[in-house]
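Please look over the sequence and the model shown here before reading on.

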Amino acid sequence: MYAATTSVALVGGDVRPVEVQVHVGRPNDQFKLSGLPDTAVREAKDRVRAAVMSSKIEFPNRTVTVNLAPAHLPKAGTDFDLPIAIGVLAAAREIPHPGKMVVVGELALDGTVRSGASSIGAAVLAARSGQACLMAASVASEAAAVPGATVHGVNSLAEAVEILRMGLAGHPPAVAGEPARLPSVGDLSEVRGQPMARRAVEVSAAGGHHLLMHGPPGGGKTMLARRLAGILPDLTQEEAVEVALIHAAAGYRRGLSRERPFRSPHHTASRQALVGGGTGVAVPGEVSLAHRGVLFIDEMAEFPRANLDTLRQPLEDGHVTVARRGITATFPSVFRLVAATNPCPCGFLGDRRKPCNCRPAAVARYRQRLSGPLLDRFDLVVKLDRLDGTELDAVESSEVVRSRVGEAAQILAARSMSVGDDGRLLLKTALEKGLLTARGVDRVRRVGETIAALAGETRVTEDHMAEALGLRVDW
Amino acid sequence: MSARVIASGDDEYPAGFFDLEERPSFWLEGLLPDSPSVAVVGTRRCTRYGIDLAEAFGAVIARAGWTTVSGLARGIDTAAHRGCLRLSGGAVAILGSGIDVCYPAENKPLYDQILTTGGGIVSEYPPGTPPDRWRFPARNRLIAALARAIVVVEAGPTGGALITARLGAEMGRPVFAVPGDVDREMSEGCNRLIRDGAHPVLGSADLVEELSLIIGPPAGAINADHGIPAEGVPVADLPAIWALTVTEALIKLSRLELEGKVRRSGDLVVPG
């Protein structure tokens, strides 16, 4: 006797259907599982058997063969428990065949249905193929927010069996819930006394410029980087789905949050952790988890040079291809790179109060780690000092800055920027006077366009260019 | 010009060295400028604050038409020489090694620049002598003797700069010291000097004013461009100094920079 259910696998920030085929044969107590399962999937056998028995349903005393197709696609995680259990019960004719439906969920031994990472993926697949989907009640309202998805939530295997026996038509689908709030990145108005750095963060947010901050410890570099994520315009619904799928592939649940990701890998992170890897299945790295958000590289000079160099390709291409046995996955990686570094190993070179204990050769070595092509990516470089003195600039909240950033981003997206003659003359003069290199001219022009857009204008004037020229600090 | 030995009978023998009992002969490369000399000395383990001040002092001394004397060591000495050379001022470096041994080696460009701008390198030791620590205090007595006044920028509780100041005071040279936080190691030496009678330095303009009482009015004029002191300010401080918003300050900065009135030095803005 045979039955099949549909489940889902996450591949490279997208979803693929997985057919869970179940055959129930001769009387026996064997349970076979095939189709490139990882350890967690293989252990489904024991969880499914226990969960079925806990649900007061007889587990068929026959040879059970489960195949996850397509067989070449590596499968991971615990979300195949529920589709396997339903497949077994359908093949044993305990319940009617579930028909077209995407099923995900992990089973506890007492029959409780728990949420795995692929609930959003299941909703996306279901919406795309016009099917309903069945998952843990705890994540159903979150997944129901996926446009076009009909999601049924269940708390236990027994409840799932009951629904399937009565037919889905009699069961009300879950109502889309508000996306969960992520931990706050903090408000920009909390950063006092750094008006120039706040401006640089705003320009970075609006124009997608990568930003390098340097200065002694305690200057607020980390604080500002976190707040950059908070002044980016909210993700669109489509983007929220895209980001959620990438995070799900790494085993994280972020629901359909509209907030921008903020990722801050430690300097001991491996190259695989940074750009993606995984054993068996392809797992996205930090560059993809930061997709459409901020990748913050704190203490950049502490990262091994080779690891920093792996960031260059995703920065260039906007995506990363991770090749693993049996599958090649491509994850998107469009992010704002924000890096922070101390000026020297001890951190106090340039501090107005504390002596720096580093030997000059050590400082040179420290800086060499950052030199080269990666440094060229930073349009904006700011120095953070501990400051005193009064601030004339209004200390604006993240909300105020975010709306200005959003409008500027729209102006820039329309690609109608033009540089006025006065602006062009300023660049020419700066080049002739040796203030800028040819590459520096491009950089200042890009920043100048963003500054104009932040002022709501499409024509870049001399003043815009002059401010852009001012926003550079020799490193 | 190659290095030559100057003895007390020579025309070039500096008047200040007659205050030294033994009237030492020395090796000289380049020239000893005619103008009055001011020593700017301090610790090798200085802070950015000390570097900024030493550079500013070197610059204002040069602008006043005087010569800056120091020891070419890391830290304050280097900054003082650099500030002076920025305005192509006369500089004299007195070494604790052989005259052809640049220590620290990374100061070779500075060493060369001192010579090309008409300054001199002085050493008591024959060419090839390595930079042994025990020679430095003896070198300091030459710095004290050559200078008409001694400015100590940052100094810990012990160290060569304090030796220079003490020897200078014994020869009747006025000593200036930059006051600092009482709980800061590199202020301690300076604060002690002030307690013992040194003049506190209240800034680069104040220093020139005080020095001109001792060694006569400066040959050049002192100016501070657009509120930017000779010691420079971080870019991020400009809005507060000019009382402008960030945008306004950055625009003004770029304009001044394009006109050559100010320039960048690392993350500092200094008069052009």
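For helices, an axis is a line fitted to the C-alpha atoms over the stretch in contact, and an angle runs from 0 to 180 degrees between N-to-C directions. The model is predicted.

**A helix pair in chain B**

In chain B, helix 2 (residues 76–86) packs with helix 3 (residues 108–116) at an angle of about 40°, and their axes are 11 Å apart. Helix 2 of chain B is therefore oblique to helix 3 of chain B. The crossing of helix 2 of chain B past helix 3 of chain B is left-handed. Helix 2 of chain B contributes Thr78(B), His81(B), Arg82(B) and Leu85(B), which meet Leu110(B), Gln113(B) and Ile114(B) of helix 3 of chain B. The residues of this contact comprise 3 nonpolar, 3 polar and 1 charged.

**Chain A**

Chain A contains 18 helices and 20 strands. Its C-alpha trace spans about 90 × 45 × 35 Å along the principal axes. Of the 475 residues in chain A, 50% are buried. Among contacts in chain A with a separation of 6 or more, 73% join residues 24 or more positions apart.

**The contact between the chains**

Chain B gives 28 residues to the contact and chain A gives 30 residues. On the side of chain B that touches chain A, two or more residues come from each of helix 1 (48–63), helix 8 (238–242) and helix 9 (246–258) of chain B. Helix 9 of chain B supplies the largest share of that side, 9 residues. The classes on this side are tabulated below.

| Class, side of chain B that touches chain A | Number |
|---|---|
| Nonpolar | 15 residues |
| Polar | 5 residues |

Notes. Residues are numbered from 1 along each chain as its sequence is written. Chains are lettered from A and ligands numbered from 1 in the order in which they are written. This is a predicted model: local features need pLDDT of at least 70, side-chain atom pairs count only at pLDDT 80 or more; totals for chains, interfaces and linings use all residues. Helices (H or I, at least four residues) and strands (E, at least two) are DSSP runs, numbered from the N terminus. Angles under 35 degrees count as roughly parallel, over 145 as roughly antiparallel, 65 to 115 as roughly perpendicular and the rest as oblique. A crossing is left-handed if the near helix is turned anticlockwise from the far one by less than a right angle, and right-handed if clockwise. Two residues are in contact if their C-beta atoms, placed from the backbone, lie within 7 Å. Ala, Val, Leu, Ile, Met, Phe, Trp, Tyr, Cys and Pro count as nonpolar, Asp, Glu, Lys and Arg as charged, and the others, Gly among them, as polar. A residue is buried if 20 or more other C-beta atoms lie within 10 Å of its own, exposed if 12 or fewer, and partly exposed in between; C-beta atoms are placed from the backbone.
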